[in-house]
Amino acid sequence: MKRNRLIFFLCVLVSCNTVRNVAEVAGISESPSAISTSFADADKAFVLNDTFANSKSFRPLSVLPSASGVYQLRPGFYEIVCKSYCLHAGTHAPSSGDGYLAAPLKGDRRDIIQSILKNSARYPAIKQQDVQMLIWLVLAHVNFKQLSTDLQIASVQLLSAKELFELDGGVMGVISDPTLMGMKVKLPPAAQDALDAENKVRELYEQGVTSYQQYESVAILPGAAPVDQPEYKRGRWCVQPGGFYIRFFPNGYTSTRIQIYVPDLVSGATNSGSYDVSPLKHFMIQWPAWDLTSTVAVPANTTAQRLCMGATGSSGGSSESWWDDPRSSDDWGHRDGAGSFRFPPTPNPVHAPQVPVSPKPAGGVKIPDQNPPVKTPGDNTPDNPDNPGNTPTPSPKPGDVDTGEVRKQLPDCFMKALVSFGLTQGQVLEWFKQYNNDRCSQQFFKLIQDYIKTNPHGLDDCNAYAIWGYTTNLFFRLLNQWLRDDINQDQTKDLTQEIDQALAKLPTYTGKYVYRGIIVPPASLKNFLALYTTGTFNVWNNFTSAGGTESASFAGRPDVNVVFIIEQKTGKDVSALADGIHCGMPPNTPPEILIKSNSTFQSTEDPVFDPSINKWVIHVKQID
Amino acid sequence: MQSEENKNPFQGMSFEEITRMPNEEFVKKMELAKQNYFSGLKDLGDPEYGEYSPEQKIGFWEVSLNRQMRRQVESGLDEYAIFNADWYNAVKRLEPEFDSIMDQVFKRPAFTEWDKQEYLKRIRIRS
């Protein structure tokens, strides 16, 4: 124990010195701006007319997969209304004529601000005003110890221990007022004004002022900002790394509507007329990812507000038909902004009251229940617009479980893996309750327990739940996406490890070949095929499912244009734990083959077109 | 002799020649091959389909289409790309009740993942 304390002390010491050094190396003595993003950082290229897409229907951005404010974009038009925050005290709030462009969040307190923005979505109970206040105080270099109790509590929720250390005397906290004043004289006038405003914010705080309005009056100047660059109009589109476009419509400084246009690069509709084939290298189409919280809306008018965005917002979207869609974003777990993981739709609407989450019995892994329970389609709680008439709750059927029972049944390690992945405990419990009661006809927990008791291959309960979970719609989309993109390893590692462990324990499928069909966008198909010429190697980072026979793989004759005939080496028959086999009606035909993630395949011959099935046939052999 | 619908648009070409072909020409050949294939489609990939009850038919489409859409998602591809006008017209010719079957399919548990409006949009498009 003493040794651990010593190590901790040394770490703190090193961190302290490191922080000071970083401050020096970063030239902080010349630039005291905690957030330095400015209009100069924006890509100002005129890429699309301001009127482009004005008549389009924008879908809510929340329909796209996301985690912690990072959205995996797909072609189309999207919109989100975010809580936005002032990043530039001492400037004017946005007005209806201000043109805004996008620029990356930069500066010495970038990570702290970004943590606040990301985590504010996880703690919707923290008021927007408190989040804004905390941002202003961070920008004004107020020491953590000087914060009010309420703001300290908010800080603890919104920031990591390392970030709190930095607020508690780190970086700017160790720079004296005279030093700051010395810095000021070296700054241009606009930056001096900002520093003055930040100093006023700090003075107010030191005087014990608690009124938000007083801080706002210092930070937000009255009236509209003078227009000094009229060529940048409201609604100006700007291009982003990754080839998509965004534009901002601030409404005051507290709310901003953002529109996103993602062109369909894969189908060949690029601006340049060329085809983007590089993503196909990894047997997938990589759409760009966009981190909402790392994007700053910067004004063309130099005395208007810079705005940063919270990790989630209301959904946006202007299409009537979209809102009428029963699968609109509110049904996907985003109603309260809690958590930014797109929660998959539950298997079936249910009419059950919210069941309090039961605490885990002593000795289990303690998993924080950070978010309120997910509202599900058909939820009949009074504020649910899906069920304005409050349809009476039907009686439970034999075998129905409540969330308390689900908590008892789900292994701690599996729950922990799902929470690490980004789901909340409440979401997991609700999802499995409905999965058992509706999708799986009250049989899921019985079937999987029966399997665990009798399984001949030594899968532990976590392994079994992970495989079964993979075959549902709970997490397979985002897990595979992150594996392909090689991102969010901290979130994927537990689930991936459980699934791969399970696959390693199962006996290898006895069939030599397995079959998998896909449809590649026609415009990209030729280049895709070229990746599979004889002898080439391709790594598939995601898990890969396949059928045991070619005919079973193409029942219904779906329009697929590529079939992989895979000479498999580690394919495992997961039929005994497959959703489609046990809960499908009628059941899928076994076998259901799953190949581990990160497998390498070598092409054994050039692709060949088979007109009798209208598909390109690609023969590959699994190497590992 | 090869029937018209099964004619290979790349007959006699090496793979290298195919990869050197202008992409527009390749896409056109594939489009033609697809139209020929679906216009000549004679079955739905299950020899017992004709004997299925209405409920079994709903299950057949639920399972087969859900499986294929999951494959697309696993690979990071557009899951709705499997639906287009050529495919739809061919299926409708072989299964006249297909629309009412799909109405039921979209109510089934496996299809809570998928968007009926998007499906309806895609089956009107010749891709």
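Tutor: Happy to! One definition first: a helix axis here is a line fitted to C-alpha atoms over the stretch in contact, and the angle between two axes runs from 0 to 180 degrees between their N-to-C directions. Please also keep in mind that this is a predicted model.

Let's start with helix H14 of chain A, residues 461-471, and its partner helix H13, residues 444-454 of chain A; their axes come within 10 Å and cross at roughly 135°. That angle makes H13(A) oblique to H14(A), because angles over 145 degrees count as roughly antiparallel and those from 65 to 115 as roughly perpendicular. The crossing of H13(A) with H14(A) is right-handed. H13(A) brings A:Ile448, A:Tyr451 and A:Ile452 to the contact, and H14(A) brings A:Asp461, A:Ala464, A:Tyr465 and A:Trp468. Sorted by class, this contact has six nonpolar residues, no polar ones and one charged one.

H14(A) also meets helix H11 of chain A, residues 412-421, with the two axes coming within 8 Å and crossing at roughly 45°. H11(A) and H14(A) are therefore oblique to each other as well. A:Cys413, A:Phe414 and A:Ala417 of H11(A) make this contact with A:Cys462, A:Tyr465 and A:Ala466 of H14(A). Here the classes come out as six nonpolar, no polar and no charged residues. A:Tyr465 is listed in the contact with H13(A) and again in the contact with H11(A).

Most residues other than glycine have a negative phi. A:Ser441, however, has a positive phi near 50°. A:Ser441 sits in the loop between H12 and H13 of chain A. This residue is partly exposed, with 14 other C-beta atoms within 10 Å. A:Ala53 also has a positive phi, of about 70°, and is found in the loop between helix H1 (2-25) and strand S1 (59-60) of chain A. With 17 C-beta neighbours inside 10 Å, A:Ala53 counts as partly exposed.

The contact between the chains takes 56 residues from chain A and 44 residues from chain B. Chain B itself has six helices and zero strands, and 38% of its 127 residues are buried. Of the contacts in chain B between residues at least 6 apart in sequence, 72% join residues at least 24 apart.

Five of its five residues are buried, so S12(A) is largely enclosed by the rest of the structure. In a regular strand the side chains alternate between the two faces of the sheet. In S12(A), A:Thr295, A:Ala297 and A:Pro299 point one way, while A:Val296 and A:Val298 point the other way. Strand S6 of chain A, residues 100-104, runs antiparallel to S12(A) and is joined to it by five bridges. One of the pairings to look for is A:Tyr100 with A:Pro299.

Notes
Residues numbered from 1 in each chain as written. Chains lettered and ligands numbered in written order. Predicted model: local features only at pLDDT ≥ 70, side-chain atom pairs only at ≥ 80, totals over all residues. Helix = DSSP H or I, 4+ residues; strand = E, 2+ residues; numbered from the N terminus. Parallel < 35°, antiparallel > 145°, perpendicular 65-115°, else oblique. Left-handed = near helix turned anticlockwise from the far one by under 90°. Contact = placed C-beta atoms within 7 Å. Nonpolar A, V, L, I, M, F, W, Y, C, P; charged D, E, K, R; others polar. Buried ≥ 20, exposed ≤ 12 C-beta atoms within 10 Å, placed from the backbone. Pairing = 2+ DSSP bridges.
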